[in-house]
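Thanks, everyone. Let me put the model on the screen, and then I'll walk through confidence, the interface and a few charged side chains.

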There are 2 protein chains.
Amino acid sequence: MARPTRAASAGAAGRSCQVSDSALVVFTPSGKRGRFALGTPLLEIARTLGVDVDSVCGGRGLCGRCQVTIAQGEFAKHGIRSAHDHVSPFSDVEKRYRGRRRLGSEGRLSCQARLQGDVVVDVPAESQVHKQVVRKRAEVRAIELDPVVRLHYVEVAEPDMERPTGDLQRLQEALREQWQLGELTSDLRMLQSLQKALRQGGWKVTVAVHSANRIIGVWPGFRDRAYGLAVDVGSTTIAGHLCDLATGEVIASAGLMNPQIRFGEDLMSRVSYVMMNPGGEQEMTRAVRQAIAALAGQVAAEGRIDPRDILELTFVGNPIMHHLLLGIDPTELGGAPFALATNETITLWASELDLVGVHPNARVYVLPCIAGHVGADTAGVILSETPHLSAKMTLIVDIGTNAEIVLGNRERLLAASSPTGPAFEGAQISCGQRAAPGAIERVRIDRASLEPRFKVIGSDLWSDEPGFAEATRRTGVTGICGSGIIEALAEMFLAGILKSDGTIDGAIAARSPRVQADGRTFSYLLHAGEPELRILQNDVRAIQLAKAALYAGARLLMDHLGVDRVDRITLAGAFGSHIDVKYAMVLGLIPDCDLAKVSSAGNAAGTGARIALLNRAARGEIERVVKRIEKIETAVEPRFQEHFVGAMALPHKSAPYPNLATVVDLPTPPAAEPGLAGDSPRRRRRRA
Amino acid sequence: MARPTRAASAGAAGRSCQVSDSALVVFTPSGKRGRFALGTPLLEIARTLGVDVDSVCGGRGLCGRCQVTIAQGEFAKHGIRSAHDHVSPFSDVEKRYRGRRRLGSEGRLSCQARLQGDVVVDVPAESQVHKQVVRKRAEVRAIELDPVVRLHYVEVAEPDMERPTGDLQRLQEALREQWQLGELTSDLRMLQSLQKALRQGGWKVTVAVHSANRIIGVWPGFRDRAYGLAVDVGSTTIAGHLCDLATGEVIASAGLMNPQIRFGEDLMSRVSYVMMNPGGEQEMTRAVRQAIAALAGQVAAEGRIDPRDILELTFVGNPIMHHLLLGIDPTELGGAPFALATNETITLWASELDLVGVHPNARVYVLPCIAGHVGADTAGVILSETPHLSAKMTLIVDIGTNAEIVLGNRERLLAASSPTGPAFEGAQISCGQRAAPGAIERVRIDRASLEPRFKVIGSDLWSDEPGFAEATRRTGVTGICGSGIIEALAEMFLAGILKSDGTIDGAIAARSPRVQADGRTFSYLLHAGEPELRILQNDVRAIQLAKAALYAGARLLMDHLGVDRVDRITLAGAFGSHIDVKYAMVLGLIPDCDLAKVSSAGNAAGTGARIALLNRAARGEIERVVKRIEKIETAVEPRFQEHFVGAMALPHKSAPYPNLATVVDLPTPPAAEPGLAGDSPRRRRRRA
């Protein structure tokens, strides 16, 4: 380590103190500074001062991670003049290096450039160990790159017959001396390849160290390839993001259908399968693990990397997916009291989950489940959206077959699951379907003519625009997906076709051929083609039940916290990404809120998995947060039922949707319409 | 926990302080005492006082481990009268229990018996947690029972929907409260069976905890079966000892041929096999692991236990066996600088070594190798023979294909390996064979007639006794084993047939038809049957080379320590157990020593594995000792060659065997016989 010269240690750094055999170094942006002996490499100076400069090779000019630039000119505030020739000329190493990697014309390898005079040294973001990984959405925090697995290039002493020690012990000694890594244990599979690697590499190897305490991999010579895979195991889809652990960048993403679908479409049918077929959980475990192994191979191929360079995997998933992934029978999650096997994080070898193809010692980290209905996917959402760090009262809803609801702020955080059922996914809707090409996803209804127009997935044209038939010739118009049904119902409501209590107004049939009697109820014809797409009264009821459950869950948590409004709302998950939040509010899926503060988070669960992959501290953070989350079980809360019944109606101009009323033209509340907010469910039930 | 009453806490325990609601309890043999409230269970009192009383069930009357006896009569030195009725009458639990287990007529379950008056309570050795496991040999320390794996019976809270926690977390909580075990992690395979076990056991389970920090197994209800297997992986034989972890007793032992023999008889031929057949180490690893799995099944069957109750395995073996067991290519051990992959202990799952059949989470502990030629078997020998704890200068030799030599005491400890070759195992001897029925193992030669008599393995009769032919009809007399050749040569020497320089004296041929010319040298006819067994001059030379290597190794270590004599000698290994130490000294295999202080240790390596199995602290102990052992590499020590050459001759009446000369009638040294001790090897070489 470079030591500051006497002048520096006396605290004087100005020009007046300059002595001939030392010079002042100022690092930007950190502002750290000191006087050092001429000839000292800049990297050594950075380390002495605690400036964050990356290096895998430990200053041997192999990795190129420690690039800096030398500022040019007078720096009055530092009291120095900095110049290129205040550091040693380009070394042969740097020249060779320039040919092989992007070392900008101004760039220097700080391990090669030596001090020759006062300099201001800028450490660009890419050269910092703890660099920030930028996320697309401005409202969320950046990820600080600090992966659990790190590579270290190391030079190991050769064996000495006079002092016989194991190759492993000499490697450990080298890691202690060259990387300050002490007390390292190691995996047997690493040990099995250690001796060959050391000799092939001429006693120079690169090792992968997990959690700064265990050597999990070894390669001959210098190596700079370490990847991680963040996986969101959904009931329907398994999504994986392959990340470069050196940059934090996602280099490939892919999704696969969850092959467990052949055992049951939704979660409960899979639990039923296990109950009916003892040992069936093992089939499902095998199926999902094989799919994940295939997914790893697929993203590796897309990212053009060797899958064996995947050293770390993180997982999120709902409790049943979590248990099946781990090979735990999910039967207990199928009925009260919904006991999880564990609500803590799990770290193990990928091989324990039969995830072949990745590095043989790759580690798996599984985020914690929160409660029997609130899984590691919700833990991932929290890690991504950080309600626990915010002063704002934040509501997060992640809508799948069930809706996971998180409410709170840095003071308190509550979580619950609401039994919305699969209506939002297009199931239980007569013309419903999964979000796929041909599915209607946007709907507008003319307030006067009551004629609809729509868009289908796979085309940017509205159905009344020229070329629509041509554009959708291949896919057809096949059904309506979750976001489409929300818009259809909301537009029907805003156009007066739907009444506040959710009945399709039969009186409209006189005004529009679109509304037709259908037995004792009425339906609305959305599309007259083949197939004919029609919104039935039962479809409206299904959505009403789902949205009432969602709203009631949110409302229940608000009661627990004693709040009447929330400061922001985040919609997570695929459904949340695709719906227009305005329509979600028109139907009353979510409580009233400033619409500017309602946003979609996309696959926030998957992002949480990615954060846990890239940042060690995030793991401790989510473990702590999950412990202090207050878990609310909707099934045992009488108030949930009350809110549920009260939330069946659609919002209107009076309370509780003042913000929404400023954005859309909500209907005026009828004089004595039954079942609206303010009308107690008890009275409503009596009336019913 | 029971708290001492005020009288006790004031330090007064005599009769004068006795108050009506408390009584005095004195435990023997510990002498711990205190006053406690009447009605307190004796086990609770024992725990409060820190008296070592075993319990798996935690005081629920299930395990029967906490048996004590109540002393009867006056105990003046304690100032009390103790009586059976000073504790509560036999409880129903104890009565039921008596039928099921051996609770002696005086025995009480200390968890059931409650204090009713002053008592002296004796805790028998079997009821102590840290009981001593007695060993057959008086000179070695007893093993304190303190296995790494312990069973704990525990009652777990049922899940509560209002406070949803995982089953694992409630188990951890119960273990913290009921067994003071905090910060427990767990194996995935345990977690996979946890939920069923809890429900089957009605929320009462027994868990196996490894190192007081990891839950490795769970069973419904109470369970009291935990076993361990100590394995010595020899080049020729794999020996296993199945131990009850509750008592420390060996309940079954078995040995199997090491199937690696088909890849090469001795160690170097197996390393050569790997060098010639890349990947060949994997075949050998597979073979040895399969054999160990079979051995585990065999001892389990012999001990009548379920092999899945084997929770822990410990291993010793020479460096090449050690590496092959672990799946590490042993090539590096085949040539200088003989680098070990690791010289530290290894703890892993049995499943990582493909050891199926035992408990799926069974752990393996592999003792450390010391140097490239000095393996974990020697570490086991040290743990068994404890030279590092002794003030005496101790020499231990473990003779196999090579001889491992340990010399030292509590101050310093040195270790080396001497290249004796396989002559002591009967190889390289014209009529040599393995120790098996039919092999000559004892030899006597009449000093006058020079006629031999012998014993063979499988019969207790000498060859000149009546009935010998009948007794050996089935086996025949097939060859001579290691201990037999030692006795044969020693007797030949003592009878004057062999000269000090190791030549068979041709002059004898005139006196006895047993000595016959055999080309330019002579031979001695040991047995005239079919096959004819004859000791050739080359046989003598082979043993001379082997014994000179052994002696030179010991002598080299003595030089390093600067000592001329040793206080005791221990011969370890199968060969060491079978040779008569007197004859070993006559031939000069070992240095001179009081013969009363020379002993055989049997399979001390295997005993070391057993100690590491039964006693946690022994693991830390051997790790520390191995680190401070001074490793001597005979191959690079010029003095080894000198000692080797000097040790070719046989001992005689003059130095250096004064102790031996008092026991046997050694020949008088010839006037100017070449090559004897005192004659420098350099001069000897010049003459040659």
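One definition before anything else. A residue is buried under 20% relative accessible area, exposed over 50%, and partly exposed in between. Take Glu532(B): at 45% relative accessibility, Glu532(B) is therefore partly exposed. Glu532(B) forms a salt bridge with Arg534(B), 3.1 Å from N to O. Arg534(B) sits at 15% relative accessibility, so Arg534(B) counts as buried.

Now, confidence. This is a predicted model. The scores are ipTM 0.86 and pTM 0.87. Chain A has a mean pLDDT of 90, with 93% of its residues at 70 or more. Where does chain A fall below 50? Residues 5-18 are one such stretch. That stretch still has 22 contacts in the model beyond near neighbours in sequence. Residues 673-688 of chain A also stay under 50. For those residues the model has 26 contacts beyond four places in sequence. A reminder here: where pLDDT is low, the predicted coordinates should not be read in detail.

Next, the interface. Chain A gives 44 residues to the contact, and chain B gives 44 residues. The buried area between the two chains is about 3,500 Å². Carbon and sulfur atoms give 57% of that area. Which residues of chain B lose the most area to chain A? They are Met161(B), Leu188(B) and Gln195(B), together 19% of what that side buries.

On to polar pairs. Across the interface there are 20 residue pairs in polar contact, both residues at pLDDT 80 or more. On the chain B side, the elements giving two or more residues are helix 4 (167-179), helix 5 (188-200), helix 8 (319-326) and strand 18 (346-349). Helix 5 of chain B gives the largest share, 7 residues. By class, the chain B side has 22 nonpolar, 10 polar and 12 charged residues.

Salt bridges between the chains: the count is 4. One of them pairs Glu332(A) with Arg199(B), the closest N and O atoms being 2.9 Å apart. Asp329(A) and Lys196(B) also form a salt bridge, at 2.8 Å between the closest N and O atoms. Asp329(A) lies in the loop between helix 8 and strand 18 of chain A, and Lys196(B) in helix 5 of chain B, so this pair joins two chains. Is Asp329(A) buried or exposed? Asp329(A) is at 13% relative accessibility, so Asp329(A) counts as buried. Lys196(B), with a relative accessible area of 45%, is partly exposed.

Over all chains, the salt bridge count comes to 59. Look at Asp224(A) and Arg65(A), which meet at 2.5 Å, N to O. The two are 159 residues apart and link distant parts of the chain. Asp224(A) is in the loop between strand 13 and strand 14, and Arg65(A) is in the loop between helix 2 and strand 3. Both residues are buried. Shared partners join Asp54(A), Arg65(A), Lys131(A) and Asp224(A) into one salt bridge network.

Last stop, Arg363(A). Arg363(A) belongs to strand 19 of chain A, residues 363-366. Its relative accessibility is 7%, so Arg363(A) counts as buried. What joins the side chains of Arg363(A) and Asp187(A)? A polar contact of 2.8 Å.

Terms used
Residues are numbered from 1 along each chain as its sequence is written. Chains are lettered from A and ligands numbered from 1 in the order in which they are written. Side-chain values use heavy atoms; hydrogens and water are left out. Contact means heavy atoms within 4.5 Å. Buried area is the accessible area (1.4 Å probe) that two parts lose on being put together, summed over both. A salt bridge is a side-chain nitrogen of Lys or Arg within 4 Å of a carboxyl oxygen of Asp or Glu. A polar contact is a pair of N or O atoms within 3.5 Å; within protein, one must be able to donate a hydrogen and the other to accept it, and residues adjacent in sequence count only if both atoms are side-chain atoms. Helices (H or I, at least four residues) and strands (E, at least two) are DSSP runs, numbered from the N terminus. Ala, Val, Leu, Ile, Met, Phe, Trp, Tyr, Cys and Pro count as nonpolar, Asp, Glu, Lys and Arg as charged, and the others, Gly among them, as polar. pLDDT is the predictor's confidence in each residue, from 0 to 100. Buried means under 20% relative accessible area, exposed over 50%, partly exposed in between (1.4 Å probe, protein chains only).
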